[in-house]
Amino acid sequence: MMDDRRLLDQFFTDPDCRTIRHCIQCGTCSGSCPLGAEMDAAPRELFALIRDGDIDAALHSDTPWFCVSCYQCMDRCPQEIPVTDIMYRLKQMAMAAGCRPRSHKVADFYRALADDIGVNGRMTESHVMARYGLKHPGAAVANTLTAVKLLTRRRLDVLPGRTRRPVQIAALTANCRKKDKAS
Amino acid sequence: MTVHGFFPGCAYKSAAGYRESVEAVNTRLGIRLEALDDWNCCGATAAFSLDESDGLALCGRIFALAQKAGFSRIVTVCNACYTTLLKAKKHLEKDGQKFDAVSRRLAGQGLDIKAALPDVSHYLDVLSDTVAAMPPAENHGCGYPFEAVGVYYGCQYSRPWLSGPAAQRPRVLEDVLERMGISTVDHSAGTLCCGASHAVPYADACGTMIRRIVQEIRAKGGQLITTICPMCQFNLDAGQTHQGQAALPVTYFTQLIGLALDIAPGALGLNKLLIPLAAEKKQTG
C-alpha cells in the first residue's frame with residue numbers, strides 16, 4: 001500500500017499525467033483507439049482506475065503496451081489530455097517498478113530491439129526478429145514466409161549496419177536492459 | 001542549394017527501393033542531403049517505452065552529431081524517426097534537467113550537445129518545398145501511365161505535430177503529386193494506423209487495421225497506394241496477402257515522383273516491391 005501511494009504520487013507529479021484530473025470520461029480516446037478492443041482497460045477506463053487510486057492495476061495493465069503511438073486519442077481529446085504521452089509514462093513506470101504487464105509480448109519485442117541497438121548501434125530487422133523469436137517461437141514460424149519473400153527481393157539484411165563504437169550506444173541504452181532485469 | 005543533415009534511420013537501407021528512389025530524385029532535383037557521420041538508431045518507440053532517459057540520450061547523440069557537422073536541420077525519411085526525434089527535442093528544450101543529464105552522458109563519450117537543437121523535418125516537406133519552387137514547365141513531365149493513387153501518410157507524420165484538419169487529413173503529398181501530373185483519390189484512411197511494429201507480436205489484430213486502410217482506398221477508386229514511411233510500406237505491402245481480393249501495389253512516394261520525372265523504373269528500386277506495380281510488371285515482364 002505504501003508503495004502504491006508513492007507510485008500514485010509519482011504519477012500525479014508528472015505534468016502530463018496530472019492532466020487526467022480533467023478527464024470527463026467521454027471515451028473519445030477508447031473509441032478512437034485502433035487496438036482498444038484488445039486492451040484489458042482502454043484509456044478511459046484506465047484513467048478512471050488511476051483516479052480511484054488503483055495504480056497497481058494500471059501498471060499491470062496491458063493497455064499501455066497495446067498503444068501503437070498513433071496519437072489519434074491525443075489529437076481528439078476534448079480536454080487536451082496527452083493520452084499517448086501518458087501511456088509512455090505508464091510503461092516506463094511499470095518497467096521501473098518491475099511490473100510485468102499481463103500481456104508482455106510488446107515489452108519483449110521492445111527489449112529485443114533495445115538489445116539489438118546495444119550490439120551494433122543500429123537496428124537490423126532480421127536480428128530483432130531472431131531475438132524476439134527465441135522468446136516467441138510462434139512469431140518466428142509465422143514470419144518465415146515473409147522472410148523468404150524479402151530474401152528473394154534482396155531486402156533481408158543479414159549483415160547489420162553498425163556505428164563505429166557500438167559499445168557507446170550500448171552505454172546509452174543500459175537502463176532499458178537494467179529495468180527489464182529487475183522485473 | 002543548402003545541404004541538409006540526413007538521418008537515414010535503420011529501416012531505410014533494406015526498404016523496398018526507398019534509398020534508390022530518394023537518391024535518384026535528389027540527383028534530378030538538386031536536393032542535397034549528407035548523412036550524419038556515425039549516426040545511431042533513434043530508439044523508436046522501444047527506447048522511449050522502456051526508459052525515457054535512454055530514449056533521450058540516443059536522440060541527444062544524433063542532435064550532437066548534427067551540431068558537430070554544422071547542420072541546423074536534420075531530415076528524416078521515416079515517420080517513427082521523425083516523431084521520436086521531435087519528441088526528444090521537445091523534452092530537451094522544455095526540461096533543463098533532462099538536457100543536463102543527456103549532456104553529461106554524451107560528455108562521457110567525448111560528444112558535446114548545445115542548447116540550440118537542430119530542426120527536424122520529414123523529407124516529404126523538403127521535397128514539397130522543392131517542387132513548389134520549380135518553374136511549372138518542369139512539373140508536368142509525367143511520362144508514365146499512372147493510375148489513381150491513394151496517399152497513405154500513416155500516423156506519426158501529422159500527429160501529434162499538426163493541429164486541426166491537417167492532423168487527420170494532411171494534403172501536402174496530394175498537392176505534390178498533382179503538381180507532377182499524378183491523380184490522387186480522396187479517402188479517409190490516410191492517417192489511420194497500420195499497426196507499426198505491433199504487427200509482429202499481434203499480427204491478427206493489425207491485419208484488421210491494414211485491411212481497413214486498403215479497403216477504404218480501393219472503395220474510393222485508388223488502384224495504387226503510396227507511402228512515406230518504411231514501416232507503413234512494409235506493413236501494407238506484406239500484410240495484404242491472404243485477404244482474398246487483388247492486392248493494391250504499395251510504393252514509396254519518391255518512386256512515383258521519380259517515374260513522373262522520367263527516371264527509369266530500374267533506378268527506383270521498383271523490383272523490390274512484394275506486390276508488383278502493374279506498369280513496372282509490364283516493362284520488365
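Modeller: The model is predicted, and local features need pLDDT of at least 70, side-chain atom pairs count only at pLDDT 80 or more, and totals for chains, interfaces and linings use all residues. Residues are numbered from 1 along each chain as its sequence is written, while chains are lettered from A and ligands numbered from 1 in the order in which they are written.

Biologist: Why are both faces of strand β5 (residues 149-152) of chain B called covered?

Modeller: A residue is buried if 20 or more other C-beta atoms lie within 10 Å of its own, exposed if 12 or fewer, and partly exposed in between; C-beta atoms are placed from the backbone. B:Val149 and B:Val151 on one side are buried, as are B:Gly150 and B:Tyr152 on the other, so both faces are covered.

Biologist: What makes β5(B) and strand β6 (residues 224-227) of chain B a pair?

Modeller: Strands are DSSP runs (E, at least two residues) and helices are runs of H or I (at least four), numbered from the N terminus. Two strands pair if DSSP finds at least two bridges between them. β5(B) and β6(B) have four bridges, in the parallel sense, and therefore pair. B:Val149 stands opposite B:Leu224 in β6(B).

Biologist: Why are β2 (32-35) and β4 (119-122) of chain B said to stand at the edges?

Modeller: Four strands of chain B form an open sheet in the order β2-β1-β3-β4, with parallel pairing. β2 and β4 each have a single partner strand, so one side of each is left without a neighbour in the sheet.

Biologist: What makes a set of residues a nonpolar core, and which members of the largest one touch the most others?

Modeller: A nonpolar core is a set of buried Ala, Val, Leu, Ile, Met, Phe, Trp, Tyr and Cys residues joined through C-beta atoms within 7 Å. The largest has 146 residues, and those touching the most other members include A:Leu113 and B:Leu173. Its largest share, nine residues, comes from helix α3 (residues 52-68) of chain B.
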